[in-house]
Every structure is written in C-alpha cells, then in structure tokens.
Amino acid sequence: MKTLSIRIALVLFCIPLLCQNGAAQTVSKQSAWQKIAPYFAISDQFKDQFGPYRSPLKFYDGREVKNPAQWKKRRVEILDRWNELMGKWPALITDQKLEFLDSVRKDGFTQYQVRFSWVPGQKTNGYLMVPDGKGKKPAVITVYYEPETAAGLGRADLPDRDFANQLCKRGFVTLSLGTTESTNSKTYSIYYPGIQNASVQPLSMLAYAAANAWNVLAKVQSVDSKRIGIMGHSYGGKWAMFASCLYEKFACAVWSDPGIVFEDSRESINYWEPWYLGYHPQPWRKRGLITNDNPAKGLYPKLVSEGYNLQELHALMAPRPFLVSGGSEDPASRWIPLNHSVAVNNLLGYKNRVAMTNRPEHTPNPESNEVAYSFFEYYLKY
C-alpha cells in the first residue's frame, strides 16, 4: 500500500511538469510561427502570376495534373528527366559512420571534427556540433565553400554566415561541410569520376554528396532522422537547393540568395559555369557572363533552349517546406516562379510550404537569419 501511494504521488508530481513542458513547447512554436508567418504571403503585385515558366502541373506531353495521384507520377517524370539530363548518380553510400578526428567542448555543445566518404573514393572533413542534453534532436546540414565559415571558425569579415554555430546554440545538431580543396584550386565543385571526364553535372554531384551526408548524419545517436534540414548561402544556396529538391529525405530547406532560376543577365546566377550545369572538359570557358565571344557550353545551353528552368525542381519539394532567404539575386519578383510550387502544394492540400524573405544585399544579415532559424525551429524542432 505504501509503495502504491509513493507511485501515485510521483505521477501527480510529474503531471504539472509534463504540462508545463508541453505548454512551453506550444508557446515556443507559436513564437516561431509569428516570426515566419508574414513571409508566406504573396503581395498582390505577384499573386497568381506564373510568368514564362513551364507549369510543373503539366506532363511533358501536355496532359494536366488534376489530382495528387497524378502529381505523384508527374513528380517521378520530372525527377527522371532531370537526372537523365544531368547524369545518373552513383549508388548512395549508406553503410558508413562518421569518423571522429577531434573534439572541443564549448558553451553548451561539443564540436567534433569528422570525416566520411561523400562520393565514391573521396572523403571530406567537416564539423559536427552537438548540443548538450539527452534525447533525439533535429539536425541541419550546412554547405558552403569550406566548412569553417558556417561552424563559426571562418573569416571575421564574413559575418552572419555561421549558420551551423547559431543553429547548434538553438538546440540543433549541425554538420558543416564545404568543398575546401576545389575552392582552393578554383574548380569549386565535385567531378565524377574525374574533372576531365565527369559523367554527372557538378551541381548534381554536390547534391549527391549532401545526400550521403544525410545518410551518415541520420546514424548519429542524438539525431532524429525524420527531422534533418539543409541550408546554404550563395554557392551553398545553389547546393542546398539542388540537394533538397533531388533528395526527398531532407525534411525542409533554406536557400540563401542562390538565384533560384536561370537568369543570364546576372553574373552571380551563373548556372552556366562548368562547376554547376555547364560542365565541359578543361580548358574551361573564361569565367563570366555569356557572350558571343565567350559562349556557354555543356548542358546549360540545351536546358535553356528546350525551355527547362528550376521551377520544376522547386516543385519536387512539395509538400516539404522551404524558405528562400532572398537578397540581391532573389528579389520579391521571384514569387513568379515560386507560384508554381505554391500551386503544387495547393493541389496536394497544403498551405504555408513556400516562404521568402527579401533584403537589398546579397549578404545575409541578423534579421534574415532570425527568420531562417525560426523557420527551422517551427518545422523541425517543436
């Protein structure tokens, strides 16, 4: 009888604690939503405008997609077509674990230097950052020219790009990755099987590498594999966009000012370069805008001439949520291509899956980052 009384007392003691914890999470989720909610709204200037972009809700033979079952088939068609155009990925590497090389205790988390195979025959180093505390946690992979910047170990003159560091302080496990060696050699990407005979467009191979990163991060004991997102800025924004669109296991994504569609008049929206979608064997074209004297080569001119653009890839995210953290390369007018993803989500019965912030400068700032981090909190943490 005494034992039973003790058990009852413990239960009664725990109930208010559980209620308080649940209430705190509810308040936190509401707070996160209040920060991000305005950015799902499309201004009247761009509402229901679809521009020259081909509708993802039409099969390539012209048939309309009228219901979710047909969208499922159309989604496969888009993914198959783009993989055919860009080159088929090697088999994913799903049977490995992270190698831990070093660790540093910081305020509230542990930073590990890690290594794993991200493409066949090639390993990469990065930084795994794990917050203190037990239990499964949401996670975010960050991608950039090198892993130090997002981990908070980069140059002091590049502020507001320490995404992995800041997200870890908010309770996320983070994995910061980058193409250090190819950045140093100014080849900027991953070439498979080699730089002179790549069979997959380099930007697609970056997406493949991120998919392998997802598979290795999902095995980390403290990570909830159903709550892994990806984020990157500029070059990393292109990388994060292609990774999340092409690999469905990413739960959500933030793309910081990558230039979300082709635009030949903007030098930074340079999908035609050989390290993105314009691969051709070296010697490479001179870097810069496309001109008669310096034409684009490889796949990119074919994509443009045949009417392909990236709104088709955006649609592959549905119904997974994504945020465009727009700057100089992704102004408010990008709602025109994004309306196609909104339409796909509407067909599937989902609202608030496509968001965009806008700032004048290319560089992220504290305000744009606060929305990005709150976006991850709302969709992954609570």
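**Reading a predicted chain**

Modeller: The chain carries 45 positive and 34 negative side chains, and the centres of these two sets lie 8 Å apart. Please bear in mind that this is a predicted model.

Colleague: What radius of gyration would a compact globule with 382 residues have, and what does the chain have?

Modeller: A compact globule with 382 residues would have a radius of gyration near 21 Å; the chain has 22 Å, so the value agrees with that expectation. Along the principal axes, the C-alpha atoms fill a box of roughly 90 × 50 × 40 Å. Eleven helices and nine strands are present in the chain.

Colleague: Is Thr142 buried or exposed?

Modeller: A residue is called buried when its relative accessible area is under 20%. Thr142 is at 1% relative accessibility and therefore counts as buried. This residue belongs to strand E4, residues 137-144. Across the chain, buried residues make up 52% of the 382 residues.

Colleague: Which side chain makes a polar contact with the side chain of Thr142?

Modeller: The partner is the side chain of Ser176, at 3.5 Å. Beyond its neighbours within four places in sequence, Thr142 is also in contact with other residues, including Ala150, Phe163 and Met231.

Technical notes
Residues numbered from 1 in each chain as written. Predicted model: local features only at pLDDT ≥ 70, side-chain atom pairs only at ≥ 80, totals over all residues. Heavy atoms only, no water. Helix = DSSP H or I, 4+ residues; strand = E, 2+ residues; numbered from the N terminus. Buried < 20%, exposed > 50% of the residue type's maximum accessible area, 1.4 Å probe, protein only. Polar contact = N/O pair within 3.5 Å; in protein donor to acceptor, adjacent residues only side chain to side chain. Contact = heavy atoms within 4.5 Å. Rg over C-alpha atoms; globule rule 2.2 N^0.38 Å. Lys, Arg positive; Asp, Glu negative; His and termini not counted. Charge placed at Lys NZ, Arg CZ, Asp CG, Glu CD.
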